[in-house]
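Thanks for making the time. I will go through one structure, starting from single residues and ending at the contact between chains.

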Amino acid sequence: MHHISNMNRFFCIANAILPIFCVVSAGMFPVGLYYALIESPADYQQGDTVRIMYVHVPAAWGAMICYLTMAMASAVFLIYNQPLANLAARAAAPIGAGFTLIVLVTGSFWGQPVWGTGWVWDARLTSVLILFFLYLGYIALANAFEDPDRGGRAGAVLALVGAINLPIIKFSVDWWNTLHQSSSLWRIRGPSIVPEMLLPLLLMGCAYFSLFVVMMILRLRGLYAGRLLRQMRIAAASR
Amino acid sequence: MALFLAVIIRDLQLAKRHGTDIAMTLAFFVLVVALFPLGLSSAPVLLSKIAPAVLWVTVLLSAMLSFDQLFQKDYEDGWLEQLIFSGLPLSMLVLAKACAHWLITGLPMLLLAPLLAVGLNLPSKSYPITIFTMLLGTPVISLFGTLGAALVISARRPGLLITIIVLPLLIPVLIFAVSAIEATGDWSAIRVRLLFLGAILSAAIPLVGIAASNVLRQSLE
């Protein structure tokens, strides 16, 4: 009962903030893309190819945030046995897999003209590919059991073990001498990126983030409905 | 400690009685390695270049075939449940199982590897490093495979599922092992890679112990 009231309270808040994030996401994407594709200057070395960055980098943030969400939700589920956390981890996984796919594909498009190759096996690229496989493994494992709770628990352990990969992705460009350039935004002395390029990047970051929130809430609703449906079916069958 | 050894001895005895299971894994290992020289018969130079990768990828793939039954039978016949009352911590059980698995599959593969390396034209000065990487790498495979086997107890399609969830976790082992063998002659480069493998192994022991015992407890609830 306690859990059900929790769920209701959560969905009250979620439903209230959903329209806000819908509007923000719908508004940010055109503005961000306008600045990214038209208003911002071309790079002096890369030319217009640099514009791929505005799609690529925020998607990478999204992929990491998704995994972080999934790992934290998994930890909460394992420790406090909170069903909402199980749903959250399940909801985040396909979204994260989608973001990771965007990162890999756009990165490949960017690499083709700039590096002369669509793919290299350097530390950053390989660790992001592993992230993609971890998402797929989680989805496969979480859905492989008759009992969704058991699947959620098994998946949660895998998500936590895979979380080792996150710092490896983040710092791979600093630890190893890779082809992938290191971050020019998160630096102690402030970003080394010009303001005209920083603005569209941040706009796109906000757009991606609000899209993530919208998709999370929609998927959580769907998963919760599916769960209620399952409980009703079981109750009907056992009557 | 006596219980720890008892679990290992029990698994070894079981393996002895179902000897064909190990033989099949090893046969798969030898067969797949043998396919490469046959497929590349026109390019022996290329073969010796890709030999470390062939060896290691085949080790990973054949190990994957040996995990799906690791806990399933123990779970079905109630042995796993009984073990909780034995007083042996579940994490020790997990490590004992991984240990036994390594003795049953990892060690034979390690012993076969030099023989297969001859067939793959691996330069003879790479042999000691190959053995070293296997010595450090195959226990990691056994550990992560044990975790995978615990995760997929009573799942649908356990064999395929283990492969999908465990192989990504083992990519670092493959990378460091193969690059160590390829760095033959450059001692400092080899040392760095072997240290990485050792670090992965020493991190995997507690990690798998904690994670897999947690999973086993859940599966018994």
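This is a predicted model: local features need pLDDT of at least 70, side-chain atom pairs count only at pLDDT 80 or more; totals for chains, interfaces and linings use all residues.

Start with A:A156, which sits in helix α5 of chain A. Is A:A156 buried or exposed? A:A156 has a relative accessible area of 1%, and because the cut-off for buried is under 20%, A:A156 counts as buried. Leaving out residues up to four places away in sequence, A:A156 touches A:S74, A:F77, A:L78 and A:Y138. There is also a distance to note here: the C-alpha atoms of A:A156 and A:R90 are 9.2 Å apart, while 66 residues separate the two along the chain.

A second residue to look at is A:T100, in helix α3 of chain A, which covers residues 83-114. The relative accessibility of A:T100 is 0%, and A:T100 is buried. What does A:T100 touch, not counting residues up to four places away in sequence? The list is A:A63, A:V128, A:L131, A:F132 and A:Y135.

Now the annotation. The unreviewed UniProt entry places the feature "transmembrane region" at residues 12-38, 58-80, 92-111, 123-145, 157-177 and 197-220 of chain A. I will take two of these spans and give their geometry in the model. Residues 92-111 of chain A are 100% helix and 0% strand, with the end C-alpha atoms 28 Å apart. For residues 197-220 of chain A the end C-alpha atoms lie 35 Å apart, and that span is again 100% helix and 0% strand.

Next, charged pairs. How many salt bridges does a search of the whole structure find? Over all chains, the search finds seven. I will go through some of them.

Go back to helix α5 of chain A. A:D149 forms a salt bridge with A:R153, and the closest N and O atoms are 3.7 Å apart. Both residues lie in α5, four residues apart, which is about one turn of the helix. As for accessibility, A:D149 is partly exposed at 23% relative accessible area, whereas A:R153 is buried at 13%.

A:D149 has another partner. A:R227 forms a salt bridge with A:D149, with 3.8 Å between the closest N and O atoms. Why does this pair tie together parts that are 78 residues apart in sequence? Because A:R227 lies in helix α7 of chain A, residues 195-238, while A:D149 lies in helix α5 of chain A. A:R227 counts as partly exposed, at 21% relative accessibility.

In chain B there is a network of salt bridges, and it links B:R10, B:D11, B:D74 and B:K97.

That leaves the interface of the two chains. On contacts, 20 residues of chain A meet 24 residues of chain B. Between them, chain A and chain B bury about 1800 Å², and 74% of that is on carbon and sulfur atoms. Which residues of chain A lose the most area to chain B? They are A:R150, A:V157 and A:V161, which together make up 27% of what that side buries.

The count of salt bridges between chain A and chain B is one. The pair is A:E146 and B:R156, with the closest N and O atoms 3.0 Å apart. Where do the two ends sit? B:R156 is in the loop between α7 (127-151) and α8 (158-182) of chain B, and A:E146 is in the loop between α4 and α5 of chain A. B:R156 is partly exposed, with a relative accessible area of 42%. A:E146 is exposed, at 63%.

Across the interface of chain A and chain B there are also four residue pairs in polar contact, both residues being at pLDDT 80 or more. On the chain A side, α4 (123-142) and α5 (148-162) each supply at least two of the residues that touch chain B. Which element gives the most to that side? It is α4(A), with seven residues. By residue class, the side of chain A that touches chain B divides into 14 nonpolar, three polar and three charged residues.

That is what I have; questions are welcome.

Definitions and conventions
Residues are numbered from 1 along each chain as its sequence is written. Chains are lettered from A and ligands numbered from 1 in the order in which they are written. Side-chain values use heavy atoms; hydrogens and water are left out. Contact means heavy atoms within 4.5 Å. Buried area is the accessible area (1.4 Å probe) that two parts lose on being put together, summed over both. A salt bridge is a side-chain nitrogen of Lys or Arg within 4 Å of a carboxyl oxygen of Asp or Glu. A polar contact is a pair of N or O atoms within 3.5 Å; within protein, one must be able to donate a hydrogen and the other to accept it, and residues adjacent in sequence count only if both atoms are side-chain atoms. Ala, Val, Leu, Ile, Met, Phe, Trp, Tyr, Cys and Pro count as nonpolar, Asp, Glu, Lys and Arg as charged, and the others, Gly among them, as polar. UniProt positions are given in the numbering used here, feature names are shortened, and annotations may be inferred rather than shown by experiment. Buried means under 20% relative accessible area, exposed over 50%, partly exposed in between (1.4 Å probe, protein chains only).
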